Amino acid sequence: MGKKRIYELAKELNVSSKTIIDKAQEKGFDVKNHMSTLGDNEERQLRESFSNKGSKTAKPAAKSAQATQAAGQKSQSNSSSATQRNRTHSNGSAQSSSQTNNRGQNGHRNQSSNNRSQSNNRVQSSENRSQNSGNRNQGGNRSTQSNNRTQNGGNRTQSHNQANHNQNNGNRSQNNNRSQSNNSNRSQSSNNNRSQSNNSNRSQNNNRTQNNSNRSQNSNRNHSGSGRFGGSLNNGGGNRNNNRNNRNNNRRRNNNRKYNKKNQRIKETNQHKGAPERKNKALPETLVYQVGMNAQDLGKLLHREPAEIVKKLFMLGVMVNQNQSLDKDTIEILASEYGIDAKEKVEVDVSDIDKTFEEEVNNTEHLETRPPVVTIMGHVDHGKTTLLDHLRHSHITAGEAGGITQAIGAYQVKHNGKTITFLDTPGHAAFTEMRARGADITDITVLVVAADDGVMPQTVEAINHAKAAKTPIIVAVNKIDKPGANPNHVMEQLTEYGLIPEDWGGDTIFVQISAKFGKNIDELLDMILLQAEVMELKANPQQNAAGSVIEAKLDQGRGSVATLLIQQGTMNVGDPVVVGNTFGRVRTMDNENGKAIKHAKPSTPVEITGLNDVPEAGDRFVVFDDEKTARAAGEERAKNALMEERRNKNTVTLDNLFDTMKEGEMKEVDVIIKADVQGSVEALANSLNKIEVEGVRVNIIHTAVGAINESDVTLAEASNAIIIGFNVRPTPQAKSQADQDNVDIRLHRVIYNAIDEIEHAMKGKLEPTYEEEVIGEVEVREIFKASKVGTIAGGMVTDGHVSSDSDVRLIRDSVVVYEGKLGSLKRFKDDVTDVKQGHELGLTIENYNDIKVGDVIEAYVMKEVPIE
Ligand SMILES: Nc1nc2c(ncn2[C@@H]2O[C@H](COP(=O)(O)OP(=O)(O)OP(=O)(O)O)[C@@H](O)[C@H]2O)c(=O)[nH]1
């Protein structure tokens, strides 16, 4: 026997799945939902705990049976009029009643071979339905049920119970249940027939009893057409309806018979085999479904006729046609009826290429070692371009405008038979900008520091940017050929930033080079490869390509041209690709030397054409299996405007810091400190490091002396950091960039305030401070009373102005009499938003009428106080 599922046990025990789940969890069983399975021991324990409850649940049934008896006796004399009342409800409720009954029977056809216990189960299930899930019938039937119970239940229930007493005392409560259910059947049908048929058929087959009930409905309804209400209703129509009802009922009766026969068959089959018979094609092992599928869809997946699915659902108590959408629970129960597992197929949002990208990048199959991707960073003129130039044996420096690297490029060099990919960025800002757009493409950072110049501000920024990106740093101490070169001094300086040479007990690789003369360049490449080896950089060349845009432009002749770095998979000419918000097919693909290639493996930079628009640097790209999907995804993304998304991106600010921390998204609050002098930077950093709140700590990712610049804002945006400015201000460009990117800049003049503010924000106590600002004064010169609006003060603005959203203070003889809000503000008869000094006005004060001539009304607003 297979393991029992929660819902199956729930059905058997006549309790909700949730009750079982709760109980199971209470007992420490590992169950999650109604589909969870139970071990034999667990099942036994649960049964035991519910067997106690079972006797409790039987009580109300017994009670209601008693009530039935009593009521039945009481209302016997009224039975004919009550019958009429029922009839008025007849049509709709009769239908649902027959449905209910059938459902109940079929749903439990497998549970027992004993007729009596079948009927018990049936009763239980119909009760379940009326209590828990079958809201469908409740409203319409309730009144008729009670009436019927009153009329019919008495006699039959009595005799029935007596019989049960004689037969089996243990079943008493169940039998009572049954009589209840029969009563409710009866509610929609007639008494006489039912009582006859029930009496004669009950012991044999309850299905038939229902059919009899249906039949009896017809006779009653016909009766009613010509009976008490016949005259007042449309007689002819009534007959027509009755005939139709007869037909319907006959059909239903036939159906019921058919189903009953079928049920009997299935019941027998199931009793023997325990699992439904498999027809024609084998069932799939798992039903991979989507919520909302209908019987037709499921039929295709299960290799079964939709009609069979509908029937099966019908037996499970779900009345649907082939086209009706089904919910998750129904589909899962259906699958378990077929004895197979069900798994929901989650709708893939093709336009969410970030998700696809992550999946592709995190794929761990067929992994092969890939070349490292290296970014060279450093202070201006320290020799980045010269180094790359030497590596590529070309002469970029000579052709560069102003000698400053202008474009982002990417190149591959071969060393000892291995490949290294170099990204040439115009500084750390671009590097961080790429990161801000989600393109974490650098594996290793080479920090170039001129030995004659030493550590400069941008060297420090570069270190912090690389650290924030969590890439290992290899220091290339450059220009060692120069007379004033002092590599040791550079090494000393860098220890302050945590970059300690291996010789000195640290773990940072230092290489002393001369980019200009090519000294120790091979050693540098060796070290890069060594670092790469330690990092075990791998990718799967067998899957669809995914990666990032290094740069892109519109070329007059070739259209959109994009330099891409392939981070995963292999890109082929002809591949359908979505790049950022654009899409296309790879028409041509060149390597960094301008040579056309057909395939490109991970870590390869390529230049492609074929996109329908120009993507942005830092955008991600994903190759799709077919062009149709790529187009759909690209168009969808274009529609959603990626830029818009970025703007709405939830950046961390002090205002939302606490909430973000609460959501468990944060373990560290990243902070950038800029101050006027180094002493303040250190004092602030030390104090902030000491703040400890609920396991969250402050992490200072960058500190420097000087104004807050664009690079700081970019770093803050990429790292979700807050910038604290101490005695410094942001540059205008940095300010507008921060506004645009929602980067929180906090400016302070007192260290204590800065610390206090961060601490309060971390504790969720940060509240804006408001200050009252008096904006104007009005002298009341006249009073008007209006029944609807109350007292209207006519007067003159003697100072400042009054605006319609002002708060007001009524002052009489220099004493504040009332404070409240302005109700209305008028000039002559018009509502206005503002009245200036020297102008007359009319005003009311909300909820205050005791205004007098000579009063002074002071208007004020509450202003948020900017943080010091
Ligand atoms: N003597 C000497 N000069 C070097 C060396 N490396 C670079 N230079 C010189 O330093 C100057 C600046 O070099 P670049 O390579 O343009 O420096 P960069 O870091 O790329 O500068 P930006 O592109 O402005 O960020 C050039 O005149 C180079 O010739 C070196 O190893 N030795």
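## Pairs and strands

Two strands pair if DSSP finds at least two bridges between them. Strands (E, at least two residues) and helices (H or I, at least four) are DSSP runs, numbered from the N terminus. Welcome to this predicted model, in which local features need pLDDT of at least 70, side-chain atom pairs count only at pLDDT 80 or more, and totals for chains, interfaces and linings use all residues. Residues are numbered from 1 along each chain as its sequence is written, and side-chain values use heavy atoms, leaving out hydrogens and water.

## The barrel

Here 6 strands close into a barrel with antiparallel pairing, in the order 13-14-19-17-16-20.

Next comes an open sheet of 5 strands, with mixed pairing and the order 22-23-21-24-25. Strand 22 (692-693) and strand 25 (745-748) stand at the edges with a single partner strand each, so one side of each is left without a neighbour in the sheet. Strand 25 runs parallel to strand 24 (residues 722-726), joined by 4 bridges; I724 has R746 as its bridge partner in strand 25.

## A parallel pair

Strand 3 (residues 286-289) pairs with strand 4 (residues 341-344) in the parallel sense over 4 bridges. The bridge partner of T286 in strand 4 is D341.
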